[in-house]
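Have your viewer open and follow along.

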Amino acid sequence: IVDYVDEYIFDKEILCIAEDGSDWSFNKKCSYIMNEKCWVNNHAHVVTAKSGIILKYLSYYLNYADLSSKITGTTRGKLTKSALNSIEVPIPSYKIQQSIVQILDKNKEIIEKRNEQIQICDELIKSQFIEMFGSVKDNKFGYKIVRLGDYAKLQGGYAFKSKDFVEEGTKLVQISNVNKDTLDWETINCLPEEYLDKYNGFSLKVGDIVLAMTRPVIKSLDAVKIAYVGEKDVPSLLNQRVGRFVVNNECIDSAYLMECCRTRDFREYVERMSGNSLQPNVSSKQVEEYSILLPPLELQNQFAQFVQQVDKLKFEMEQSLVELENNFNSLMQRAFKGELF
């Protein structure tokens, strides 16, 4: 959903299929059901069901199938109407379609509940943060208000050249790799391994906090693109337009700093600073000018211990989610190969 309008052009169950966009370039899932008043713009195909066809069955199939051969373009993939019409779909009896949809719906519901539980973990951390520290606006505990940059500098990355990229080597953390909380390695560019020593000042370590400085906000998630560097992310190097916080650990705990940067206040501040252009940018200086509370380090450490406990539970849930999603994908494969019925 991209926006809201006063009028509508559909008021029945329809299947929306992305016509173009970067998602198709990475073969993401671009088919979903709408069953309410809506206005669909010209970037989506709209499909309605003929007799004997269940739209949700068709949606599941399109999200399962490899449609890469039907997509034109590279940086912005496109599924044309003629290419959409040429897709062959196995259509079993209506009763079997119903059974497949029921099985997949049930498994999808379990996945959604697990995602909700993971989300609750994030909300729990936010709640504990507010309870322990409040905010700069109310400062109910009377903590000292300081400039973020006085206790955590934001180091910019190095302008590595694309001509130096290699097939295998040291991973490069670019804007596209910085997601909400974690690094996303769906697309990877690598540099020669010897660059780790040559550009040692830009080598990332486990526990580092990195921030996307171009397109810094994920609007769909209402979140800033800020992430921890984990064990799976190293060795890696910091690219330009991605910043790394260099923290004064004698005054600031990293977990406390991370949560400061997850707040709505910080997101709104970053949005104001980066502007509304197609290529919004925020600078190290602007981030460092942000005001934060400076509670006692002992209290920050207590919060960090709480975060560690919740993150452990969250990690177990995320591992469970991976298993559930793998099982779901296996069920889809069996369903559309005719092995379930």
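What follows covers a strand, the nonpolar cores, a helix, an aspartate and the cysteines. Keep in mind that this is a predicted model.

Let's start with strand 8 (residues 170-173). In a regular strand, side chains alternate between the two faces of the sheet. Here Thr170 and Leu172 point one way while Lys171 and Val173 point the other, and all are buried.

| Partner of strand 8 | Direction | Bridges | Example pair |
|---|---|---|---|
| Strand 9 (residues 190-191) | antiparallel | 2 bridges | Thr170 with Leu191 |
| Strand 14 (residues 236-238) | parallel | 3 bridges | Leu172 with Leu237 |

Now for the nonpolar packing. In soluble globular proteins, nonpolar side chains tend to be buried together. The largest nonpolar core in this model has 66 residues, and the members touching the most others are Leu62, Leu104, Ile226, Phe245, Ile252 and Leu257. Helix 9 (residues 297-336) supplies the largest share of that core, with 11 residues.

What does Leu104 contact once its neighbours within four places in sequence are left aside? The list is Tyr60, Phe328, Leu331, Met332 and Phe336.

Helix 4 (residues 94-133) is a handy geometry check. With 40 residues at 1.5 Å a residue, helix 4 should span 58 Å, and its end C-alpha atoms sit 57 Å apart, so the two values agree.

Next up is Asp208, which lies in the loop between helix 5 (195-198) and strand 10 (209-212). Is Asp208 buried or exposed? It counts as buried because its relative accessibility is 10%, below the 20% cut-off. Its side chain makes a polar contact with the side chain of Arg244 at 3.1 Å. Arg244 also turns up among the contacts of Asp208 beyond four places in sequence, together with Ala227, Tyr228 and Val229.

Last, the cysteines. How many disulfides are there? The count comes to 0. Cys260 is in no disulfide, and the nearest cysteine sulfur, on Cys261, is 6.5 Å away, whereas a disulfide would need the sulfurs within 2.5 Å. Cys260 is buried, with a relative accessible area of 6%. Cys121 counts as buried too, at 5% relative accessibility.

How values were computed: Residues are numbered from 1 along each chain as its sequence is written. This is a predicted model: local features need pLDDT of at least 70, side-chain atom pairs count only at pLDDT 80 or more; totals for chains, interfaces and linings use all residues. Side-chain values use heavy atoms; hydrogens and water are left out. Buried means under 20% relative accessible area, exposed over 50%, partly exposed in between (1.4 Å probe, protein chains only). Helices (H or I, at least four residues) and strands (E, at least two) are DSSP runs, numbered from the N terminus. Two strands pair if DSSP finds at least two bridges between them. A nonpolar core is a set of buried Ala, Val, Leu, Ile, Met, Phe, Trp, Tyr and Cys residues joined through side-chain atoms within 4.5 Å. Contact means heavy atoms within 4.5 Å. The expected span of a helix is 1.5 Å times one less than its number of residues. A polar contact is a pair of N or O atoms within 3.5 Å; within protein, one must be able to donate a hydrogen and the other to accept it, and residues adjacent in sequence count only if both atoms are side-chain atoms.
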